[in-house]
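Dear colleague,

I am handing over the structure below, and I would be glad if you could look through it with the notes that follow it.

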Amino acid sequence: MLKWMTSGESHGRALTAIVEGLPSNLEVDTAEIDRYLALRQSGYGRGARQKIETDRVRILAGVRDRRTLGSPVCLVVENKDYANWEPYMSPYGADVTARRLTRVRPGHADLTGLRKYDQTDARNILERASARETAVRVAAGTLARMFLRALGVEVNGYVRAVAGIADEREYSFDELRGVQENELFMPDTVLCKQAKERIDAIREAKDTAGGIVEVRVHGLKSGFGSCMSYGEKLDGHLAGAVMGIQAIKGVEIGLGFAAAMRPGSAVHDEIYPENGKFVRRTNNAGGIEGGMSNGEEIVLRAAMKPIPTLMRGLNTVDYETGEACRAATERSDVCAICACEVIVESTVCFALAQKVLERLGGDNMREIVARYNDLI
Ligand code: EPS
C-alpha cells in the first residue's frame, strides 16, 4: 500500500515527508521535483515570504543512484525563513512570549485549534495549519507523477477562475501544455490580464481572492477504483484527497454540480461502436463512472476559498481578553491560486498512484508496467 505522511511547521527548520510503498526501480529526477516546487512558489498575487524561500528537495533515504529501492523515501524541504524564526520556533527552548497571535482570524484554523489543542497562542495552531506544508506534499506528489508517467499517464491542469474572472471554454489536453508559463496559469491571455487587474484592485483594498482550478489525467486505462465497495470508489478517493488540501471548499468531477440541473439526455456520455471499440463523443462524467475510471480523461475541479489573512483585518474577538477587535494581519498572500493548482495536481497524482498500486500490486517497476500493459 502506498502511503505518505508529512511533518513540519511553516517557520520551523524544515518540512519532511515519508513516502512508503513506492515500488523499486522507479527513476527519480530531483530536478523535476525542484521544477514543481518552483512552480508552486510562482504565480501572480504571492506575498513576501516567497522572496525568502527557494524551495529545493533533499532526498535522505529510499533512493540510490536515482532509483527507488522499494524502501520508504524520506524527503526534506528546508524553510530558509527559519534563520529569522529560530529564537521563536526552536524545539530546544524558544521565546514564546513573542510572535503571539490571539486576535484569531475568521476562516483560519486559529479559534477552533486553540480550543481543541488547549493552547493560548494561535501560533501553536497556525504554524502547522499553514499552507506552507504543501511544499513537501508537492515533492512527494511528484514522485507519484513519475510513477504514473512510467505507465504512460500524464497529469496537467490550469486556473479556470480567479478573483471572480472565469474561463468557461473547454480545452483539449494538448492546448493546456505549457499553460504554467503564464503568470496566472490561465490559457486565455485576455482573461489573464483582466484577472491580474482584479487581483491588483483586491490587494489595494487589503482583501484576498480565491478561485477554481481544473486538473486532467490523460491516458489512464479503465477499471481503477471500484463499483463494488463504496469506500474504494475512485471519485471518492480523489475528492477526499483534494479536500485535504488547505483552503479547498469544493471538488467536482466532470460536469459536477451542473449535472444536477440537466436532463439525463444532456448529461450521460453516449456510447458508439468504432472499429471494434466503444467510443464516446462527450466526457461529462469526467472519466469516472460507477466509481471507476472509464478510460476517458479524468476531469477534476477544486474551489479554493480566499486566503483568510486580510490586511484590513476582519471583525473578531481577542482570545486572551474577550474584547472585540480586528483580526491579526500576518504577512500573507493576496492570491495563491497558482500554488493551489500545482498542489491539486500533485495530490491527484499521489491519490491515483495509490489506486493503481491497489489494483496491480507489485514490488518493482518491471512487474507493474507488465501488469498495466496487460490490462484491456
Ligand atoms: C500562510 C501564510 C504565509 C504564506 C504561506 C501560507 O506565510 P508567512 O506567514 O510566512 O508569510 O506565504 O505560504 C507559504 C509560506 C508557502 O510556501 O506556500 C498561511 O497562513 O497559510
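Predicted model: local features only at pLDDT ≥ 70, side-chain atom pairs only at ≥ 80, totals over all residues.

Residues are numbered from 1 along each chain as its sequence is written, and side-chain values use heavy atoms, with hydrogens and water left out.

Beginning with the sheet, helices (H or I, at least four residues) and strands (E, at least two) are DSSP runs numbered from the N terminus, and two strands are taken to pair if DSSP finds at least two bridges between them. On that basis four strands make up an open sheet in the order β1-β2-β6-β3, with antiparallel pairing. Its edge strands, each of which pairs on one side only, are β1 (3–7) and β3 (57–61), and the twist from one strand to the next averages 20°. Between β1 and the antiparallel strand β2 (residues 14–20) there are five bridges, and K3 has E20 in β2 as its bridge partner. Helix α1 (residues 30–41) lies across β3 and β6 (73–78) and runs at about 135° to β3; axes here are lines fitted to C-alpha atoms, for helices over the stretch in contact, and angles run from 0 to 180 degrees between N-to-C directions.

Turning to the aromatic rings, those of Phe, Tyr and Trp (its six-membered ring) pair if their centres lie within 6.5 Å, and planes under 30 degrees apart count as stacked, over 60 as edge-to-face and the rest as tilted. The count by this rule is four aromatic pairs. One of them is the stacked pair of W4 and F350, with 3.9 Å from centre to centre and 5° between the planes. This pair links distant parts of the chain, since W4 is in strand β1 and F350 in helix α9 (residues 337–360), 346 residues apart. For accessibility, buried means under 20% relative accessible area, exposed over 50%, and partly exposed in between (1.4 Å probe, protein chains only). W4 is partly exposed because its relative accessibility is 26%, whereas F350, at 1%, counts as buried.

F224 and Y372 are also a stacked aromatic pair, at 6.0 Å centre to centre and 20° between the planes. F224 lies in the loop between β9 (211–218) and α8 (234–243) and Y372 in helix α10 (residues 365–374), so this pair ties together parts that are 148 residues apart in sequence. F224 is buried at 0% relative accessible area, and Y372 counts as buried at 2%. The charged end of R359 sits over the ring of F224, 4.9 Å from its centre, where a charge sits over a ring if NZ of Lys or CZ of Arg is within 6 Å of the ring centre and within 35 degrees of the ring normal.

G223 is found in the loop between β9 and α8 and is partly exposed, with a relative accessible area of 23%. Leaving aside neighbours within four places in sequence, G223 is in contact (heavy atoms within 4.5 Å) with M292, S293 and R359.

Finally, E127 lies in helix α5 (residues 123–129) and is buried, at 3% relative accessible area. Its side chain makes a polar contact with the side chain of H11 (2.6 Å); such a contact is a pair of N or O atoms within 3.5 Å, where within protein one must be able to donate a hydrogen and the other to accept it, and residues adjacent in sequence count only if both atoms are side-chain atoms.
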